[in-house]
Structure formats: structure tokens, C-alpha cells
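Please open the model in your viewer and keep the selection tool at hand.

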Amino acid sequence: MEWILSNIAVIATVFSALVGSIIGAFCSALFGARFALKLRESDQRDRKEAITSAFQGEASIIGELLAVDLDLSNLSTKEGAMYQLHRLSLTRHIYDGIGGDIGALTAPRPQQLVRFYGRIQASVQQMEKLVSQPGFFARINNEYKAEDSRREYTDLLRTISIEADIVSADLLDDSKQIIS
């Protein structure tokens, strides 16, 4: 009987150690997985914040180009207008560089950005046609010869300028929400 009791004590000690090891390993794995998940969430948040900030900066630059450099009051020749329109068409370094990561942004931002950059390209092409028309910069009796074309140019400019402001503001709001 004494032998049975001593073996039960040994078995209980081994069982206790084994259960403790299993519980310890489970807890370690659980805490490790939780830490890895938190680290991944932090990395995704940082990536999303960087992408949002980069697009917000580019949208702001586009807005400034539209408001100042492409305003008809600051343009006097077809060559000057074409140069500024070319600059606008090239102002998409962020979109071209990290456009593949656009899916990391929260909806509806990816769709809004694709539409925005597409509209810029289409508008630039239309604006180039308008400024290339004969008489676009010519005046007769202090009035422009191609007043309708100039009005269409201004409407296109105003439309994409408003959209640039909206995109920039939306991205700024997104950035604030990511940080908080």
C-alpha cells in the first residue's frame, strides 16, 4: 500500500508538472499571437497613415497648381499654358508610385482617388485642346476672341480644383481618424 501511495505521489507530481508546462506553453503562445496581431495592426495603421498623408500632400499640390499656375489671369501664351498643363499631368508621382497600395485606404477613398486622377488626365487633355485653339489668347477690342473656349477652360479648372480641395480635405480627415 505504501508503494502505491508513493507511486501516486510521483504520478501526481509528474502530472502537475506536465499540466503546468502545457498551460504555460498555451499562455505563451496566446500572448505571442496577441502581440504579433497588435504589431501587425500597428504596422497597417502606420502604412495607412503614410499613404493617406502622401496622397493628401499631392492633392494639395495639385490644388495649388490649379489655383495659381493654371489660372487664366496668370497665363498669356499657348506655350506657357501647355507647360503648366504638362506639369499638372505629371503631378501624380504618389499615385503612380504607391497606387498599388491604394487598397489599404478605407472605402470610399480608393475609388475617389482613382476618379480624381482620371478626371485630371481627361481635363488636361481637354484644356490642352482649348488653349491650342486659334485666338484663345488673342484679344479684339479688349475682349478675348475665344471667350466660349476660355469659359469652358475655366469651368474645367474650377471643377477639378473643387475636387482637389474635397479630396485633400477628405484625406486630412482620414488622417486624423487614423491617428486617434
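**A tour by selection**

In this predicted model, begin by selecting helix 2, residues 78-90, whose 13 residues reach 18 Å from the first C-alpha to the last, close to the 18 Å expected at 1.5 Å a residue. Within helix 2, show the side chains of Ala 81, Gln 84, Leu 85, Leu 88 and Ser 89, which are buried. These residues lie on the same side of helix 2 because they cover an arc of only 145° around the axis. Turn to the other side of helix 2, where Glu 79 and Tyr 83 are exposed.

Now centre on Phe 55, whose contacts, leaving aside residues up to four places away in sequence, include Ile 94, Tyr 95, Leu 113, Tyr 117 and Leu 171. Phe 55 also forms one aromatic cluster with Tyr 95, Phe 116 and Tyr 117. In that group, select Phe 116 and Tyr 117, which are both buried and form an edge-to-face pair, 5.2 Å centre to centre with 70° between the planes.

Finally, select Arg 150, whose charged end sits over the ring of Tyr 144, 3.3 Å from its centre. Arg 150 also lies over the face of Phe 136, at 5.3 Å from the ring centre.

Methods
Residues are numbered from 1 along each chain as its sequence is written. This is a predicted model: local features need pLDDT of at least 70, side-chain atom pairs count only at pLDDT 80 or more; totals for chains, interfaces and linings use all residues. Side-chain values use heavy atoms; hydrogens and water are left out. Helices (H or I, at least four residues) and strands (E, at least two) are DSSP runs, numbered from the N terminus. The expected span of a helix is 1.5 Å times one less than its number of residues. Buried means under 20% relative accessible area, exposed over 50%, partly exposed in between (1.4 Å probe, protein chains only). The arc is that of the directions from the helix axis to the C-beta atoms. Contact means heavy atoms within 4.5 Å. Rings of Phe, Tyr and Trp (its six-membered ring) pair if their centres lie within 6.5 Å; planes under 30 degrees apart count as stacked, over 60 as edge-to-face and the rest as tilted. A charge sits over a ring if NZ of Lys or CZ of Arg is within 6 Å of the ring centre and within 35 degrees of the ring normal.
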